[in-house]
Amino acid sequence: MDKALEYFEAAGLTVEDGKVTDNGETIVLKYHTYDSFAEMSTIVQLIQYSLTSVGIDAQVTSTADDIDDWLGDEGNSGEWDISMASMFAVPRGDN
């Protein structure tokens with residue numbers, strides 16, 4: 001975590017009281033995923049925890065729709081900064 005905070009400071013961001021800010025504004029990442037696979041929510045929770053641990057606010061949303069269609073929809077432009085999707089799936093017997 002200390003190394004991450006060093007990188008933020010080197011990038012010109014401010015680190016105070018465990019929060020990373022840019023010109024006084026808290027850094028917020030909009031994280032989008034889909035809920036077709038139960039594993040996704042666990043992975044997203046771990047990533048959200050990691051981001052929060054280094055002072056970044058992570059706002060997580062998900063969709064039941066096809067993630068590629070959702071991300072490519074012009075109406076969703078600006079609604080996400082990072083996204084996670086699974087390109088491969090191992091057969092589990094439930095689909």
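Does Glu6 count as buried, partly exposed or exposed? Glu6 has a relative accessibility of 44% and therefore counts as partly exposed; here buried means under 20% relative accessible area, exposed over 50%, and partly exposed in between, with a 1.4 Å probe and protein chains only.

A word on the basis of these values. This is a predicted model, in which local features need pLDDT of at least 70 and side-chain atom pairs count only at pLDDT 80 or more, while totals for chains, interfaces and linings use all residues. Residues are numbered from 1 along each chain as its sequence is written, and side-chain values use heavy atoms, with hydrogens and water left out.

Glu6 has a partner, Lys3, with which it forms a salt bridge; the closest N and O atoms are 3.7 Å apart. By salt bridge I mean a side-chain nitrogen of Lys or Arg within 4 Å of a carboxyl oxygen of Asp or Glu. The structure holds one such bridge. Lys3, at 48% relative accessibility, also counts as partly exposed. Both residues belong to helix H1 (residues 2-10), where they are three residues apart, about one turn of the helix. Helices (H or I, at least four residues) and strands (E, at least two) are DSSP runs, numbered from the N terminus.

Let us now turn to the strands. Two strands pair if DSSP finds at least two bridges between them. An open sheet of three strands, paired antiparallel, has the order E1-E2-E3. E1 and E3 stand at its edges, each with a single partner strand, so one side of each is left without a neighbour in the sheet.

Strand E1 (residues 14-16) pairs with strand E2 (residues 19-22) over three bridges, and Thr14 has Thr21 in E2 as its bridge partner. Their hairpin has two residues between the strands, and Asp17 takes a positive phi near 50° there. E2 is joined to strand E3 (residues 25-26) by two bridges, with Glu25 in E3 the bridge partner of Asp22. This hairpin also has two residues between its strands, and Asn23 in the turn has a positive phi of about 55°.

Finally, strand E4 (residues 28-34) and strand E5 (residues 57-63) run parallel, joined by seven bridges. The chain passes from E4 through helix H2 (residues 38-53) to E5 in a right-handed β-α-β crossover: with the strands pointing away from the viewer, the path from the first strand over the helix to the second runs clockwise. Within this pair, Tyr31 stands opposite Val60 in E5.
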